[in-house]
Amino acid sequence: MKQITLGRTGITVPQNGFGALPIQRISKEDAVSLLRKAYEGGMRFFDTARAYSDSEEKLGVAFAGMRDKVFISSKTMAETKEKFRSDLETSLEKLQTDYIDIYQLHCAARCYGEGDELYEALKEAKKQGKIRHIGITAHKIGVAEDIVKSGLYETLQFPFSYLASERDIRLVRDCAAAGMGFIAMKGLSGGLLTDSEACMAFMSEYEALPIWGVQRESELAEWLSFFTKEVRMTDEIRAVIEKDRAELLGEFCRGCGYCMPCTVDIVINQCARMSQMIRRAPSQNWLTEHWQNEMMKIENCIECGICKTRCPYELDIPNLLKKNLKDYKEILAGKPV
Ligand code: SF4
Ligand code: SF4
């Protein structure tokens, strides 16, 4: 397993990290068991967030008494220094620790710099030893590029998968050149990609630390299998990637849900990518009465535009929904998928 050093933080871990967003959906007992299995299987880097409900608490229980054996990153969506400080205290308490390896500003709308209260709060926390390194997460490429250029952060977390654009790839290279660690979120592109070996082989070509979102033992087993089976890019894997890129590239919904809630209750994070999902999973799962009802809600869209202001990928959501609905209706009428 390739080792990744996160820039000037010096943190060096196997290129196979654990994304702890999905463990908020399972019981504490199951989550703790999953996290320990991840550790026993070789994972050393665990990424969580204040915003992931009880995810931090579950990590705290799983790694109590062995804090120095793992690296933990967390995040805050605070907009003021007071909220930042209270979030950090809560993170420390829930994680049962007196330091966090990397504390990140979560889904930053811009690059916060010297003089901005959030950046000053990060520096203060580092000086106090409550956090070891200063990080940030972003979803918009322009914001991410500003962050790299600023030289103010030790790590950047950004979506990165084999659907990446040339510009995304340049960002990863610029991070490395700037001595900045790159943490890759959404390595499966929000569930659109299903070939874990292809995802891992792609990642192995970059100085990027993927944090795979894990909820089930079967998913964990796939990622842990790469500790014993070396994955390299091959012509066969390249062909899988090229095929998926041809099918999926362009303006697509990553399923993140940041645009929600919708004014008329459309489940945007599923309905805006129905055309892809229905072709990548057993179609019948998406053709149930439940999903037909959810898709038909698209007809109620009043084009208020609120969702568009929240989408980090700046998608034209109302039109994307309409395109998905048209395709869905054609499939219901018998169009082959
Ligand atoms: S524009 Fe349509 S989809 Fe978006 S929030 Fe408004 S009603 Fe919902
Ligand atoms: S439309 Fe945008 S914000 Fe909403 S789920 Fe898709 S990618 Fe996320």
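The legends below describe close-up views of a predicted model.

Local features are described where pLDDT is at least 70, side-chain atom pairs count only at pLDDT 80 or more, and totals for chains, interfaces and linings use all residues. Residues are numbered from 1 along each chain as its sequence is written, and chains are lettered from A and ligands numbered from 1 in the order in which they are written.

**View 1. The closed barrel of eight strands.**
The barrel runs E3-E4-E5-E6-E7-E8-E9-E10, with parallel pairing. From one strand to the next, the twist averages 25°; axes are lines fitted to C-alpha atoms, for helices over the stretch in contact, and angles run from 0 to 180 degrees between N-to-C directions. Strands (E, at least two residues) and helices (H or I, at least four) are DSSP runs, numbered from the N terminus. Two strands pair if DSSP finds at least two bridges between them. Strands of a sheet pair through backbone hydrogen bonds, either parallel or antiparallel.

**View 2. Strand E10 and its pairing with E3 and E9.**
Strand E3 (residues 17–19) pairs with strand E10 (residues 209–213) in the parallel sense over three bridges. In E10, Trp212 stands opposite Phe18, and Gly213 stands opposite Gly19. Strand E9 (residues 181–185) also pairs with E10 in the parallel sense, over two bridges. Pro210 in E10 is the bridge partner of Ala184. Four of the five residues of E10 are buried, so E10 is largely enclosed by the rest of the structure. A residue is buried if 20 or more other C-beta atoms lie within 10 Å of its own, exposed if 12 or fewer, and partly exposed in between, with C-beta atoms placed from the backbone.

**View 3. Strand E9 and its pairing with E8.**
Strand E8 (residues 155–159) and E9 pair in the parallel sense over five bridges. Phe158 has Ala184 in E9 as its bridge partner. Both faces of E9 are covered: Gly181, Ile183 and Met185 are buried on one side, Phe182 and Ala184 on the other. Five of the five residues of E9 are buried, so the strand is largely enclosed by the rest of the structure.

**View 4. The largest nonpolar core and a second, separate core.**
A nonpolar core is a set of buried Ala, Val, Leu, Ile, Met, Phe, Trp, Tyr and Cys residues joined through C-beta atoms within 7 Å. The largest one has 76 residues, of which Phe18, Leu156, Phe182 and Leu209 touch the most other members. Helix H7 (residues 196–203) gives this core its largest share, six residues. A second, separate core of 21 residues includes Cys271, Trp286, Cys307 and Leu325. Leaving aside neighbours within four places in sequence, the residues in contact with Leu209 include Ile4, Leu6, Val13, Phe45 and Phe182; contact requires C-beta atoms, placed from the backbone, within 7 Å.

**View 5. Ile136 in strand E7 (residues 131–137).**
Ile136 has 29 C-beta neighbours inside 10 Å and therefore counts as buried. Ile136 and Thr155 are 19 residues apart in sequence, with 6.5 Å between their C-alpha atoms. Beyond neighbours within four places in sequence, Ile136 is in contact with Gln104, Leu105, Ala108, Ile147, Tyr153 and Leu156.

**View 6. The surroundings of ligand 1.**
The shell around ligand 1 has 15 residues, the closest being Cys262, Thr263, Cys301, Cys304 and Cys307. A residue is near a molecule if its C-beta atom, placed from the backbone, lies within 6 Å of it. Helix H13 (306–310) and helix H14 (317–332) are the elements that give two or more residues to this shell. H14 provides the largest share, three residues. By class, the shell has twelve nonpolar, two polar and one charged residues. Ala, Val, Leu, Ile, Met, Phe, Trp, Tyr, Cys and Pro count as nonpolar, Asp, Glu, Lys and Arg as charged, and the others, Gly among them, as polar.

**View 7. Backbone details at Pro261, Cys107 and Glu314.**
Most residues other than glycine have a negative phi, and most peptide bonds are trans. A cis peptide bond, with omega of about 10°, joins Met260 and Pro261. Pro261 lies in the loop between helix H9 (235–248) and helix H10 (268–271). Cys107 has a positive phi of about 55° and is found in the loop between strand E6 (100–105) and helix H4 (117–127). Glu314, in the loop between H13 and H14, has a positive phi of about 55°. Glu314 has 13 C-beta neighbours inside 10 Å and so counts as partly exposed.

Key: Contact = placed C-beta atoms within 7 Å.
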